[in-house]
Structures are given as structure tokens and as C-alpha cells.
Amino acid sequence: NDEFCLHNHNDRYEIILFLTGDAEFHIEGNIYRSHPHDLYLVRPLEMHQNYFLSPEKYSRVVIHIPLTFFLDNNCTELEKVFTNRSLGMDCQIPSRIVDKEMYHLLMKMNQYLKDGAYAISKCVFIEFLYLLNQIQEPLTVPIMSMTRKWRGKSGTTDAAGQAACKE
């Protein structure tokens with residue numbers, strides 16, 4: 001948990017695909033239980049962290065999206081999946097939705113990147129963003145709002161005490 005302290009990003013969006021582990025995702029005072037293939041959306045300045053519930057191996061895929069990506073690629077309407085929600089809410093896309101098509105697209109995009117096919121990878125990523133914006137099903141509700149304190153190196157601290165932690 002010391003590795004993944006409470007933090008934010010001011011210059012990018014973040015997509016996190018949870019793969020394995022025993023963890024929770026804390027964002028803006030809300031806590032979500034993580035399950036394999038759950039997807040998390042984080043926008044600039046949202047305070048967030050992964051919190052591990054056991055020493056079990058943890059793995060994830062993280063995608064950072066520069067703030068200019070949507071404008072640079074003529075797809076500003078796809079930014080709405082990040083901007084049309086309240087802080088800390090509607091940020092967990094459950095695996096039952098991700099596994100329909102989105103997981104496959106992320107794995108395909110990863111393969112294209114490994115192969116050096118960057119233009120094709122970007123096209124697949126834009127398709128992925130399109131699908132994110134088409135979700136009509138209800139998203140996951142937090143298991144808890146901030147009723148417990150954030151845990152840091154020196155035991156339990158409040159969220160402000162963790163904000164200075166470096167990534």
C-alpha cells in the first residue's frame with residue numbers, strides 16, 4: 001500500500017484495468033471492490049489509490065491519456081465518459097460490461113503496440129473509447145463512502161496527509 005499512495009494527476013486522464021489481486025480502489029472518498037477485468041476511469045485532479053487487502057499478487061494495465069488527445073484526434077465527444085460524471089462516481093465499469101467487447105479491444109491494442117503498429121493501435125483505442133461512451137447499463141455503486149481513514153506508511157492518516165505522497 002505504500003507503493004500506491006493516494007495521489008492525483010493534473011495533466012492526464014487514466015484508465016486502469018484490474019487484472020488480479022485482492023484490492024479496493026479508493027477515489028474521491030468512495031471505495032470500490034476490485035474484481036478481475038473491472039475498469040476504472042480517473043480524470044485529472046481526482047484523488048485515487050489502490051488499496052491492497054492481502055499480500056496476494058496484484059496486476060493491472062494502466063493507460064494514460066494526455067489532456068490534448070481528444071482535441072488532437074478530432075474526437076472531443078469521447079471525452080464525455082470522463083467529464084460527464086461527479087467526482088469519484090460512475091468510475092468503475094464492472095467486468096460484466098468490460099468482458100463483452102472492451103477487454104478484447106484492449107488486448108488487441110496492446111498487441112498492436114508490441115508489433116509497432118501505432119496508428120492501428122490508436123484506431124482501436126478510439127473504438128474502445130467509443131464503446132465506453134455507449135454504456136447504458138448501471139455502473140458499480142461504491143461499497144463505502146469515506147467513513148474510514150486512508151492508510152499510509154505510518155498507520156492510519158486522513159486523506160490530506162496522503163495527498164503529498166509521490167507516485
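Okay, let's start with the sheet: four strands, open, in the order β5-β2-β3-β8, with antiparallel pairing. Strands here are DSSP runs of E, at least two residues, and helices are H or I runs of at least four, numbered from the N terminus. Two strands count as paired if DSSP finds at least two bridges between them. At the edges sit β5 (48–52) and β8 (144–145), each pairing on one side only. Strand β2, residues 23–27, and strand β3, residues 30–33, run antiparallel to each other over four bridges, and I27 stands opposite N30 in β3.

A word on the model: it's predicted, so to speak of local features we need pLDDT of at least 70, side-chain atom pairs count only at pLDDT 80 or more, and totals for chains, interfaces and linings use all residues. Residues are numbered from 1 along each chain as its sequence is written, and side-chain values use heavy atoms, leaving out hydrogens and water.

Stepping back, the protein chain has six helices and 10 strands. Of its 167 residues, 44% are buried, meaning under 20% relative accessible area with a 1.4 Å probe, protein chains only.

Now, the inside. A nonpolar core is a set of buried Ala, Val, Leu, Ile, Met, Phe, Trp, Tyr and Cys residues joined through side-chain atoms within 4.5 Å. The largest one has 26 residues, and I15, F128, L129 and L132 have the most contacts inside it. Helix α5 gives the largest share, six residues. What does L132 touch? Leaving aside residues up to four places away in sequence, L132 touches I15, L39, L41, V81, I93 and M102, with contact meaning heavy atoms within 4.5 Å.

Notes
Buried < 20%, exposed > 50% of the residue type's maximum accessible area, 1.4 Å probe, protein only.
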